[in-house]
Amino acid sequence: MGRSNKSKRFVKQGADAVQLHDQRIPYHMTLAEAEQLKAKQNHSSSPGGQM
């Protein structure tokens, strides 16, 4: 039997979860490098230099 009648919501949620994870921890970086990059981005984008 075909699965074309099933909800696409779960496929969409799964793709969104993977995309969000890739934004937080890119696969080509170590965790430490990703955290440093995130800290730089947060520091540069924060108004008044607050953390």
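Trainee: Which side chains meet in a salt bridge here?
Mentor: Those of Asp16 and Lys12, at 3.2 Å from N to O. The term covers a side-chain nitrogen of Lys or Arg within 4 Å of a carboxyl oxygen of Asp or Glu. Keep in mind that this is a predicted model, where local features need pLDDT of at least 70, side-chain atom pairs count only at pLDDT 80 or more, and totals for chains, interfaces and linings use all residues. Side-chain values use heavy atoms, without hydrogens and water, and residues are numbered from 1 along each chain as its sequence is written.

Trainee: Where do Asp16 and Lys12 lie?
Mentor: Both are in helix 1, residues 9-24, and they sit four residues apart, about one turn of the helix. Helices here are DSSP runs of H or I with at least four residues, numbered from the N terminus.

Trainee: Is Lys12 buried or exposed?
Mentor: Lys12 is exposed, at 52% relative accessible area, while Asp16 is partly exposed at 30%. Buried means under 20%, exposed over 50%, and partly exposed in between, with a 1.4 Å probe and protein chains only.

Trainee: Switching topic, what about Gln23?
Mentor: Gln23 is also placed in helix 1 and counts as exposed, with 58% relative accessibility. Its C-alpha is 9.5 Å from that of Ala34, 11 residues away in sequence.

Trainee: How much of the protein chain is buried?
Mentor: Buried residues are 6% of its 51 residues.

Conventions:
Helix = DSSP H or I, 4+ residues; strand = E, 2+ residues; numbered from the N terminus.
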